[in-house]
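Here's a quick tour of the model you have open. Keep the viewer handy as you read.

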Amino acid sequence: MFFIDRDPILAFRLLLLFILTYLVILLIKVWFSSSRKEHLRWPQERDDKGEEMVLDPQCQSYLARNEAIFSHGYYFCSEECARIFVRRIERGYSEKS
Ligand SMILES: [Zn+2]
């Protein structure tokens, strides 16, 4: 490259331009990979918010809150679980008193 000896400033500028281009490509790569990760993370977060897991105190199983039956301040997987649990509580109260 003949111009390096004649014009070292131009050579330096070209080098700087090369480094800058490389950095821009690197940044684009990082940006794309991070946005792709967000894309993968997004639906999972939405699922967590939309389907909050609750514990059925009767059968000790986790289920989505929008599928659960809410009764007596607890979430149950079925009406049968709710009935058994409520009966158990009532029995517990009567045993105590
Ligand atoms: Zn249950």
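This is a predicted model: local features need pLDDT of at least 70, side-chain atom pairs count only at pLDDT 80 or more; totals for chains, interfaces and linings use all residues.

Of the contacts between residues at least 6 apart in sequence, 9% link residues at least 24 apart. A contact here is a pair of residues whose C-beta atoms, placed from the backbone, lie within 7 Å.

Residues are numbered from 1 along each chain as its sequence is written.

The chain has a mean pLDDT (the predictor's confidence in each residue, from 0 to 100) of 83, with 78% of residues at 70 or more.

## Layout

You'll find three helices and four strands, in the order α-α-β-β-β-β-α from the N terminus. These are DSSP runs, numbered from the N terminus: helices are H or I with at least four residues, strands are E with at least two.

## The core

Ala68, Tyr75, Phe76, Cys81 and Ala82 form the largest nonpolar core, meaning a set of buried Ala, Val, Leu, Ile, Met, Phe, Trp, Tyr and Cys residues joined through C-beta atoms within 7 Å. Strand E4 (74-76) and helix H3 (79-96) each put in at least two of its residues. Beyond its neighbours within four places in sequence, Ala68 touches Val54, Leu63, Tyr75, Phe76 and Cys77.

## Two loop residues to look at

Gln60 isn't a glycine, yet has a positive phi of about 55°. Gln60 sits in the loop between strand E1 (53-55) and strand E2 (62-64), and counts as exposed because it has 7 C-beta neighbours inside 10 Å.

His72, also not a glycine, has a positive phi of about 55°. Its loop runs between strand E3 (69-71) and E4, and with 11 C-beta neighbours inside 10 Å, His72 counts as exposed.

Key. Two residues are in contact if their C-beta atoms, placed from the backbone, lie within 7 Å. A residue is buried if 20 or more other C-beta atoms lie within 10 Å of its own, exposed if 12 or fewer, and partly exposed in between; C-beta atoms are placed from the backbone.
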